[in-house]
Amino acid sequence: MKVATVATLLLPLAAPSTTAWTAPRVASPVPRRLSSAEISPRPASSRSSVLHSTTVEDAAVETVSASTPAPGGRTFGVVSTGKLSKLYDLVVIGGGPAGVAGAIKAAQMGRRVIVIDKPKFDAGVLPNGLDLFFGGPTGLFSKALRDAAKSTNIAAMRAQGMDNDVIWKQITNSIVGLAMRNSEGQCRTLARYGIDYLQGSAKLLGEKDPANIASLTKFEDDLDSPEDGLRTVRVSETGVMDDYVGFVDDTQVCVSGTKVLVCTGSKSTRLPGIPFEQSHRIFDSDTINLLSYLPSSVTISGLGIIGIEFANIFNALGVKDVKILVRGDIETSAKKLGMDMDVADELMRLLKKSGVKVLEGTTVDEFVYVPPPGADDELIKMKLNDGSTMETDLFFAAVGRYPVGKNEATGLASAGVDIADRGMVNIDKKSLATSSKNVYAAGDVIGAPALASTSMEQAQRAVSAMFTEEDEDDAAQGANHDDPLSIGVWTIPEMGYYGMTKDQAEKEGYSVVEGTVGFDQCLRGRVFAPDGLMKLVVDSNDGTVLGVHLIGKEAAEMVHYGMALVKQGTSIYEILSTVYTAVTFHELFKEAALDANSKLDFGVEWQEIFNILQSDCSVDDFTEEFLRKRFEAIDEDGSGELEEDEMRALFESMGRPVSKRIIANIMRLSDTDGNGTIDFEEFKAIFDKVACPATPEAAFVTGQ
């Protein structure tokens with residue numbers, strides 16, 4: 001049956017709601033080992049969901065018994081009331097990559113910190129409190145599923161007679177193991193830094209809220225200056241360790257800190273007309289984490305990064321019928337993502353080669369029929385915008401995400417935080433401070449680029465702005481909020497890009513060439529991974545690398561070297577002089593540099609000549625009038641062309657004597673028409689490339 005457990009079906013996928021205070025339940029003070037049946041009852045179907053595999057159940061029992069659990073079995077996400085009753089330096093709302101990174105940064109700066117996080121899915125929390133998604137990015141599931149797809153031989157398993165349920169069980173075991181290692185590792189890191197972690201729904205209170213005023217009075221002596229103020233966060237649906245009665249579940253507490261960092265993340269966009277309540281067959285980029293079966297066919301709406309990644313992944317899992325529906329066209333979608341079009345074309349070629357169909361200008365007008373839970377052999381029936389019908393086993397709406405800032409359960413707007421129409425928190429780009437005193441924000445909640453890497457950097461920068469004194473220096477403050485970003489897309493093979501495309505560079509006023517090579521241009525690529533493409537976007541004036549664009553094996557790793565080349569202003573001439581380790585993909589950088597060099601009017605073969613011509617400048621501005629006068633003085637026969645001996649004499653007349661070897665090279669490289677002589681235009685082009693520092697002598701020579 002294509003159905004998850006009852007807990008999965010009842011997940012609070014909408015924004016959390018504020019609950020009224022209720023009398024707390026006092027759990028038994030005596031810890032006990034939980035049975036697997038108590039931990040997670042098996043779903044009615046033989047097909048288990050990701051979060052209810054045998055691995056989760058067994059690991060839950062093992063973790064609970066191996067730890068020293070708090071009464072009630074909780075070892076994660078619980079804080080004592082004694083700790084909560086004291087003032088924190090920083091209260092972090094949200095336990096994703098941004099929240100965890102910000103908390104660690106503050107702890108490294110000697111601050112007392114607490115992270116408050118509501119688990120994304122109830123079904124993802126083990127009885128010991130370990131949230132499988134804690135500290136992980138939104139795309140953790142897709143990356144784990146991709147890894148499983150690459151390491152699992154689906155065809156071989158089917159050849160051995162294994163059905164899809166057994167295969168999916170193997171895959172989910174791998175995914176859950178990865179998620180557990182990540183979340184446990186994050187919790188260990190917080191503990192090592194002395195950071196408290198409390199599970200619950202956090203609501204920021206306004207400065208004039210009675211609870212915040214009471215906290216200000218309570219902690220007045222703990223503040224350097226009462227005028228600096230503090231902020232209070234009300235946490236509901238939480239469990240705490242009471243110093244007198246033991247573990248108290250489903251209660252409400254207030255936590256105060258001198259600063260608050262909001263990292264509430266984003267949620268999947270849900271377009272109207274899609275029956276998301278049919279969560280056993282219809283998924284978005286959040287609920288896809290709860291996929292409970294290996295589908296026979298998949299239809300994905302949207303050609304964004306998430307949609308592309310999952311199309312690749314499902315195809316690698318052996319799903320033969322994978323379709324991507326694109327409202328517009330491929331080129332427009334690719335440019336929105338900042339992709340180079342040659343890389344996008346290579347991606348589409350590889351997708352189509354693998355059997356994925358991309359349908360441009362196609363949308364779903366109506367979901368005619370969605371099979372009920374248990375009807376495993378039936379398919380979803382859809383009516384498309386062209387009047388045709390389509391059937392699929394699974395529908396995945398990958399149409400973007402939106403910041404979780406407008407949600408009143410978080411209390412941001414009512415607490416004075418300025419929120420944009422789409423739920424994005426408005427911030428000062430330098431400090432990441434919001435419009436509300438002592439409140440900062442980072443990550444997806446402040447909008448684009450909404451990447452795990454940038455979210456972590458933003459959180460660290462916000463914390464640095466909070467706690468760095470005027471006479472102190474912190475490296476995190478040196479970052480520019482609008483700096484370009486390296487992008488990694490976890491398709492199969494991967495994509496990565498940083499810097500400008502040719503179109504973007506030309507719009508900025510650059511004259512550029514492109515160096516493009518296939519992955520088969522290096523030995524490792526030819527032997528192990530021939531599919532792929534690397535492109536360097538190069539300034540044709542000085543050979544500086546302006547952009548790096550890749551698709552191929554390990555592209556998401558190599559893009560960081562490309563990023564370093566662009567940020568340091570490296571030229572292709574430096575790349576060509578670099579020795580790369582043999583049988584590595586990095587050899588492609590030299591091959592791409594060679595291709596770019598071949599398209600330059602003055603490539604690497606000219607660099608020695610230019611260095612010599614520029615080494616002893618006596619003229620700062622080789623005007624056309626000056627050059628023509630010198631040229632015609634040597635051109636005694638008036639032919640308009642100079643031979644090699646005449647060229648030597650010309651350079652000497654300009655106070656720039658050069659060797660016979662250099663003159664011979666100039667003649668060879670400049671003689672574009674092959675007649676053995678140099679005309680004035682060919683001669684002038686050389687000096688147009690030579691830039692000399694201004695000197696008093698230069699003005700005298702040119703008569704200026």
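Modeller: Start with Thr362. Leaving aside residues up to four places away in sequence, Thr362 touches Leu325, Val326, Arg327, Leu384 and Asn385. Contact here means heavy atoms within 4.5 Å.

Biologist: What should I know about the source?

Modeller: This is a predicted model, so local features need pLDDT of at least 70 and side-chain atom pairs count only at pLDDT 80 or more, while totals for chains, interfaces and linings use all residues. Residues are numbered from 1 along each chain as its sequence is written, and side-chain values use heavy atoms, with hydrogens and water left out.

Biologist: Where is the place of Thr362?

Modeller: Thr362 sits in the loop between strand S13 (357–360) and strand S14 (364–369). Helices (H or I, at least four residues) and strands (E, at least two) are DSSP runs, numbered from the N terminus.

Biologist: Is Thr362 buried or exposed?

Modeller: Buried, because its relative accessible area is 12%. The cut-offs are under 20% relative accessible area for buried, over 50% for exposed, and partly exposed in between (1.4 Å probe, protein chains only).

Biologist: Which backbone oxygen does the side chain of Thr362 reach?

Modeller: That of Glu360, at 3.1 Å. A polar contact is a pair of N or O atoms within 3.5 Å; within protein, one must be able to donate a hydrogen and the other to accept it, and residues adjacent in sequence count only if both atoms are side-chain atoms.

Biologist: Next, Thr392. Which strand is Thr392 in?

Modeller: Strand S16, residues 389–392. Thr392 is buried, as its relative accessible area is 0%. Its side chain has a polar atom 3.0 Å from the backbone oxygen of Leu394.

Biologist: And what does Thr392 touch, not counting residues up to four places away in sequence?

Modeller: Ser297, Val298, Thr299, Leu379, Ile380 and Met382. Ile380 is twelve residues from Thr392 in sequence, with 5.2 Å between their C-alpha atoms.

Biologist: Switching to helices. At what angle do the axes of H20 and H21 cross?

Modeller: Roughly 135 degrees, and the axes come within 9 Å. H20 covers residues 624–634 and H21 covers residues 644–653. Axes are lines fitted to C-alpha atoms, for helices over the stretch in contact, and angles run from 0 to 180 degrees between N-to-C directions.

Biologist: What do you call that?

Modeller: H20 and H21 are therefore oblique to each other. Under 35 degrees counts as roughly parallel, over 145 as roughly antiparallel, 65 to 115 as roughly perpendicular and the rest as oblique.

Biologist: Which residues of H20 and H21 meet?

Modeller: From H20, Arg630, Phe631 and Ile634; from H21, Glu646, Ala649, Leu650 and Ser653. The residues of this contact of H20 with H21 divide into four nonpolar, one polar and two charged. Ala, Val, Leu, Ile, Met, Phe, Trp, Tyr, Cys and Pro count as nonpolar, Asp, Glu, Lys and Arg as charged, and the others, Gly among them, as polar.

Biologist: How about the bond from Ile492 to Pro493?

Modeller: That peptide bond is cis, with omega near 0 degrees. Pro493 lies in the loop between strand S20 (487–489) and strand S21 (494–499).

Biologist: Last one. How many helices and strands are in the chain?

Modeller: There are 24 helices and 26 strands. Of the chain's 704 residues, 53% count as buried.
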